[in-house]
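Trainee: I am new to this structure and would like to go through it slowly, one question at a time. Could we look at it together first?

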Amino acid sequence: MSEIARDGETLKGAELEERLARTWSRAPGLWGWITTVDHKEIGRRYIWTAMTFMVLGGILAAVMRAQLARPESGLISADRYNQIFTMHGTTMMFLFAVPVMEAIAIYIIPLMVGTRNIAFPRLNAFSYWTYLFGALLLWVGFILNIGPDAGWFMYTPLSGPQFSPGKRTDIWAQMITFTEVAGIAVAVELTATILKFRAPGMSLGKMPLFVWAILITSIMIILSLPSVALASAMLLSDRLIGTQFFNAFEHGDALLWQHLFWFFAHPEVYIIFLPATGFVSQIVETFTGRRVFAYPAMVLALVATGFLSFGVWVHHMFATGLPRLGYDFYTASSMAVAIPAAIQIFCWIATIWLGRPRFTVPFLYVIAFIVTFVIGGLSGVMVASVPMDLELHDTYFVVAHFHYVLIGGAVFPLLGAITYWFPKFSGRMLSEGLGKAAFWLVVVGFNVTFFPMHLTGMLGMPRRVYTYPADMGWNGLNLLSSLGAVVIWLGGLIFIANVFLALRRPRGAAANPWGGSSLEWATDSPPPPYNFAHQPIATGHTPLWDVTDVLPVMTGLRVDDREQLITTAIEAVPDIRYPSPEPTPWPLLSAIALAALFIGSIFTPWAVVIGAVPLAVGFIAWFWPKSPPSKEPVIE
Amino acid sequence: MSLPVRFDGDLADLPTHGFGPRSLTWWGIVGFMVVEGMFFALLFAAYFFILDKEQTWPPQPYAPPGLLAGTVFTMLIVLTEIPNAVIKRAAERFDLRTVRKGLVVMSLLPLPLFVLRGFEFASLNVLWTDNAYGSIQWALLLTHTIHLITDWGDTAVLTALMFTEHGKEANRFVDTSENSAYWRFVWGSWLIVYLLIYWVPRWLT
């Protein structure tokens with residue numbers, strides 16, 4: 001064992017960092033770029049891609065607002081409008097919101113728990129490529145005028161073979177399969193990373209709240225995403241090989257679709273929201289200079305939200321007609337979700353009250369989040385009530401409600417989180433001035449756009465209509481919403497400009513520019529490929545605030561091989577030294593084989609059989625060890 | 001590191017492998033078992049959702065599936081647990097000879113299972129296009145078959161790997177142990193699928 005190089009008294013400082021960099025760096029150039037398994041590179045890639053789809057989804061929103069700005073507008077046709085609102089919802093939910101939350105976790109979680117890479121890093125690379133190919137399938141289809149047009153929740157029988165002939169719905173359903181494979185893979189990686197790679201000392205009871213939020217979210221993804229994958233597989237098979245799952249004439253049931261879809265899609269809302277609460281907790285902690293108030297209550301609120309989110313899906317189906325007991329149960333459970341949400345809101349307010357808030361851009365987004373999300377939460381309690389829901393179902397009131405919840409509850413914290421962690425992502429700070437300008441435009445523009453929609457909805461305007469007659473009393477409100485959308489876009493453009501201007505500047509961000517407490521701030525901005533030169537120890541809830549200028553670390557991990565520390569799941573006691581996989585092109589090649597199989601299956605079921613061969617080759621080559629057996633304990 | 005550090009313990013003496021929940025592989029396997037378990041659970045829910053709408057199960061005039069192939073399949077797949085358990089125990093004491101022999105057996109045993117599975121499809125007495133009952137019966141059987149094929153492929157690759165130099169690495173024994181755990185999931189989930197496909201239609205006719 002003595003010939004194995006390890007960090008410690010004899011190997012530290014610049015020499016150690018140089019040797020670790022050699023071990024953990026990827027190859028230069030394009031080859032290195034496509035073979036990398038570094039969670040930071042994949043995470044950044046995921047963030048860029050997801051944010052690009054947010055911009056594309058935002059362009060679609062702007063087009064819709066342009067069409068609806070005045071009555072009887074002929075700017076876009078009904079058919080194109082159907083594609084646009086379907087693409088907007090699908091893009092925002094499947095290609096932006098869920099992936100971007102996972103993306104930030106891919107980048108931040110390994111750093112925050114104090115380890116060198118994510119668990120199953122090749123699966124991580126594979127998931128990115130799979131997500132990318134699914135996203136491209138959808139958007140190339142849209143550009144070729146075969147974009148889906150039956151709404152983002154793709155209700156049967158409208159989406160079935162009888163009412164949606166052609167390939168539009170199939171493209172949607174297969175895009176779902178791509179993104180679900182990717183999403184589930186990342187959720188398993190994050191769960192394993194959080195439970196097995198935490199720094200010594202970081203017991204479950206001391207994990208940062210963002211880590212808790214991602215753990216609960218990942219478990220929710222694992223439990224809910226199979227539902228939409230199953231539903232879309234059933235829809236595809238109804239359309240392509242003549243199964244009868246949703247065909248009432250052959251004893252199938254269109255409502256089966258709604259149950260399977262919403263069993264996924266309601267938890268999905270919390271899958272988007274819980275990571276955002278994690279952002280908020282980290283930002284509140286850093287910018288008030290104190291631990292978040294009532295940590296156990298915060299953790300229990302996260303867990304409770306996760307549980308309750310699986311018992312509310314039928315509230316999307318009140319208008320389908322339910323037994324009376326069903327109405328009562330799902331109303332009660334939907335209203336109950338407000339309780340853990342309120343507990344978190346009160347804890348953040350208490351933290352701000354007790355701390356010394358610094359009104360930087362990330363913190364401003366938190367304030368906007370609290371205000372907006374409370375409004376969205378209250379309109380949610382309103383539509384949880386069946387009589388109100390039956391009045392407001394499928395009107396603009398619902399559009400207003402869920403944009404308050406999703407933009408207020410997730411996008412504002414996301415913009416705050418990007419600003420907060422931007423130095424860790426890029427080594428540069430965003431401009432506070434531009435950041436504040438963008439903040440005010442986005443938040444004011446958001447309210448000007450979406451607040452009037454509560455009223456448009458109560459005045460009876462249905463969702464998903466490509467135009468409306470002039471004498472309905474909706475003209476002024478719609479014009480106001482469209483003007484608000486212009487303001488949001490101005491803010492968005494300033495945010496984007498802020499990012500690109502920052503990226504043009506040289507790197508100079510300090511390791512911990514905001515004075516944060518968690519371990520990601522213990523390493524450089526951006527971190528080196530190996531994240532930490534020595535294995536950090538977490539001494540308490542706020543490791544960097546608990547130590548005075550000296551970070552306790554453990555030594556003894558290998559330097560000439562990629563090695564990570566596995567700790568026990570609950571107490572995070574050091575247990576095993578584990579080899580982290582090397583870069584490889586096989587995840588990309590496997591993802592290409594998978595894409596060929598999925599896309600081929602839109603046209604012939606035989607693609608599943610034929611496509612399985614290259615996919616199997618890809619997987620075998622991926623798993624087959626390429627380096628000689630390790631020098632360390634080998635049997636015999 | 002940006003902060004000055006203080007050395008507080010050394011990790012060099014830690015082992016490089018561990019079985020069960022200590023290993024990362026176990027967590028990955030369990031993660032994917034939960035995903036696939038959810039997939040099955042939702043299929044079962046869909047089965048009962050469709051069943052609930054029918055007057056009889058199977059709907060008139062269909063007959064329940066023939067029992068023979070499915071029952072023989074069930075007996076055989078449960079019996080595979082014997083070599084499977086032997087392999088798992090052998091892996092956990094690093095007994096390479098037994099692991100190799102056992103894995104060869106476990107790579108060959110699914111072959112008669114595949115033949116029986118073919119007869120099972122032929123004895124469903126309904127096509128997937130006939131009605132929703134037929135669709136869900138085929139979905140259950142097909143989903144389990146995909147499950148079976150993937151784990152068989154996985155076992156075959158592992159078998160080949162264990163005959164190379166890499167087979168002597170401790171973490172490959174962990175992989176072998178977890179592969180056996182996964183096989184338990186494959187045959188365990190089948191028992192429920194078997195009841196739903198073959199017996200629920202008999203109990204409710």
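Trainee: Leaving out residues up to four places away in sequence, which residues does Phe263(A) touch?

Mentor: This is a predicted model, in which local features need pLDDT of at least 70 and side-chain atom pairs count only at pLDDT 80 or more, while totals for chains, interfaces and linings use all residues. Residues are numbered from 1 along each chain as its sequence is written, chains are lettered from A and ligands numbered from 1 in the order in which they are written, and side-chain values use heavy atoms, with hydrogens and water left out. Phe263(A) belongs to helix α8 (residues 254-288) of chain A, helices (H or I, at least four residues) being DSSP runs numbered from the N terminus. Taking contact as heavy atoms within 4.5 Å, Phe263(A) touches Leu223(A), Ser224(A), Ser227(A), Phe310(A), Trp313(A), Met38(B) and Leu42(B).

Trainee: Is Phe263(A) buried or exposed?

Mentor: The terms rest on relative accessible area, with buried meaning under 20%, exposed over 50% and partly exposed in between (1.4 Å probe, protein chains only). With a relative accessible area of 16%, Phe263(A) is buried.

Trainee: At which residue does α7(B) bend?

Mentor: Helix α7 (residues 170-203) of chain B has 34 residues and reaches 49 Å from its first C-alpha to its last, close to the 50 Å expected, where the expected span is 1.5 Å times one less than the number of residues. Because 25 of its 34 residues are buried, α7(B) is largely enclosed by the rest of the structure. A bend is the angle between axes fitted to the seven residues ending at a residue and the seven starting there, and for α7(B) a bend of about 35° is found at Leu196(B).

Trainee: What covers the buried residues of α3(B)?

Mentor: Helix α3 (residues 81-92) of chain B has 12 residues, and its buried residues include Pro83(B), Ile87(B) and Ala91(B). After α3(B) comes Phe94(B), whose phi is positive, near 55°. The cover over the buried residues of α3(B) includes α2, α4 (96-108) and α7 of chain B.

Trainee: What kind of aromatic pair do Phe439(A) and Trp440(A) form?

Mentor: Rings of Phe, Tyr and Trp (its six-membered ring) pair if their centres lie within 6.5 Å, and planes under 30 degrees apart count as stacked, over 60 as edge-to-face and the rest as tilted. By this rule the count comes to 72 aromatic pairs over all chains. Phe439(A) and Trp440(A) lie 5.0 Å apart centre to centre with 75° between the planes, and their pair is edge-to-face.

Trainee: Which ring has the charged end of Arg117(B) over it?

Mentor: A charge sits over a ring if NZ of Lys or CZ of Arg is within 6 Å of the ring centre and within 35 degrees of the ring normal. In chain A, Arg464(A) lies over the face of Phe153(A), at 4.3 Å from the ring centre. In chain B, the charged end of Arg117(B) sits 4.5 Å from the centre of the ring of Trp190(B).

Key: Helix = DSSP H or I, 4+ residues; strand = E, 2+ residues; numbered from the N terminus.
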